[in-house]
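Thanks, everyone, for making the time this morning.

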Amino acid sequence: DNEAIDAEVVSTVTKVKDEEIKKEKIETRVTYNIVFVTAEAAPYSKTGGLGDVCGSLPIELASRGHRVMVVSPRYLNGTSADENLAHVFDANRRIKLQCFGGEQEIAFFHEYREGVDWVFVDHPSYHRPGNPYGDSHGAFGDNQFRYTLLCHAACEAPLVLPLGGYTYGEKCLFLVNDWHAGLVSVLLAAKYRPFGVYKDARSILVIHNLAHQGVEPAATFKNLGLPSNWYGALEWVFPTWARTHALDTGEAVNILKGAIVTSDRILTVSKGYAWEITTVEGGYGLNQLLSSRRSVLTGITNGIHIAEWDPSSDEHIAFHYSAASLSGKVQCKTALQQELGFPIKPDCPLIGFIGRLDYQKGIDLIHWAIPELMEDDLQFVMLGSGDPLYEDWMRSAENTYRDKFRGWVGFSVPISHRITAGSCDILLMPSRFEPCGLNQLYAMRYGTVPVVHATGGLRDTVENFNPYAGEGRGEGTGYAVFTVALKTAIKTYRDHKSTWEGLMRRCMQKDFTWENAAIQYE
């Protein structure tokens, strides 16, 4: 009997060990040395979605076991934004880069934060008033020089910076973001691999906005620090209609084109945008080239900071709530109506818009729709800046429709939280193109129903509402055809309260976390 018991114990122990080994095997995964190269990374620098991605995704990848470095310029513009660099220290490493007709000396600065090596390239050309790309007079004339330096420095950083006691080395995975970092992929192919360096490295181009390509006159190719026989990779010829005069040959260099040709994989910030950039309408002249690389082209939707955008704890909204208890949202709405000077009407649809006032965001569609919308019993609030004509129109509309319209020219983080998320019933996003879009993700997190134009990331993330699906319970998280959809949304809000609540809850249950995005990147 004792022998039988012992045999049974041994068998049980063996099974447990086998299960533990299997579990260990399942949990084991490949980790990489990942190097993000970017013109901006929040909170150090940010003008839009690029800064959000490169400030958040690296932290999430580091938490999943990867060694992650982010290389961006050390901008100093003499404003309070410089305080974000307070904990960034000189890495005591200066190198000379061969480009623009001579040696350019740069320095590296470093901060280790949230598991990520934040590396900053320092050069006098990054120290000036304005945003990363320009000032009130327009784009800086030396941006090609500034971002060529960034790319050369980013290629050297894994080789020369002993971060944490040892370098990243040659076996790296470079994530190059938009044209500013695009030269990295070309440099790996043209300058390093032919000499046996970085032969095991790979590069992934991440396209956030194809409209910006880093195009400069062909004569500037010699400044890029590339072998002369690589001109063809960047060669770009404008069509006849786009040339400035009869003698203009249209010859140029296009850095983003070079990155598309030489990168191992190409990503966009949504699956819809990955398709759109292969079309004539959305390809900005690169559609045929991108179509030829369709086998390595895919899209991954951006994530959002769920701690910063959380209706149960958001410090910027008056009352907190969740998908389980939505009563706080009605109180938030009443508080916003009071703050904006609107009549307090809990059952009146409150519609919001937040974004740049320009053609891409479809602001002209809102402009033409407002007179008809104002005939209805609703309230409309807008937050944004951009085209002076539309800024003036917002002020004028506010005077014309005192009890129904408010236009806030400028930007305010607390107000953006209250409009985009906490207090409105409907968020309007009639963008003509939107690579990913974040406002619709914030809105859904707060149970604010998005009404969008079905393009790019908006089409991917907003599932068109169908009231007859799901055995009459309805399916979908918003409305994806702008003009008709807005009227349908308003009618649903007024006449079908239980259906609207179901729509809000489905929005709030969607998973648009950076963790989800990081898993797809892996």
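Predicted model: local features only at pLDDT ≥ 70, side-chain atom pairs only at ≥ 80, totals over all residues.

Arginine 418 is buried, with a relative accessible area of 19%, where buried means under 20%, exposed over 50% and partly exposed in between, computed with a 1.4 Å probe on protein chains only. Residues are numbered from 1 along each chain as its sequence is written, and side-chain values use heavy atoms, with hydrogens and water left out.

What does the side chain of arginine 418 meet in a salt bridge? The partner is glutamate 339, at 3.0 Å from N to O, a salt bridge being a side-chain nitrogen of Lys or Arg within 4 Å of a carboxyl oxygen of Asp or Glu. This pair links distant parts of the chain, since arginine 418 lies in helix α12 (residues 413-423) and glutamate 339 in helix α9 (residues 327-340), 79 residues apart; helices here are DSSP runs of H or I with at least four residues, numbered from the N terminus. Glutamate 339, at 43% relative accessibility, counts as partly exposed.

A further salt bridge joins lysine 487 and glutamate 372, at 2.6 Å from N to O. Here too distant parts of the chain are linked, with lysine 487 in helix α15 (residues 482-495) and glutamate 372 in helix α10 (residues 363-373), 115 residues apart. Lysine 487 is partly exposed at 47% relative accessible area, and glutamate 372 is likewise partly exposed at 47%.

Glutamate 114 forms a salt bridge with arginine 113, at 2.9 Å from N to O, and glutamate 114 is exposed, with a relative accessible area of 52%. The structure holds 22 salt bridges.

Now to the helix pair. Helix α3 (residues 143-160) and helix α4 (residues 178-192) pack at an angle of about 55°, with their axes 8 Å apart, the axes being lines fitted to C-alpha atoms over the stretch in contact, and angles running from 0 to 180 degrees between N-to-C directions. α3 and α4 are therefore oblique to each other, because angles under 35 degrees count as roughly parallel, over 145 as roughly antiparallel, 65 to 115 as roughly perpendicular and the rest as oblique.

Key: Helix = DSSP H or I, 4+ residues; strand = E, 2+ residues; numbered from the N terminus.
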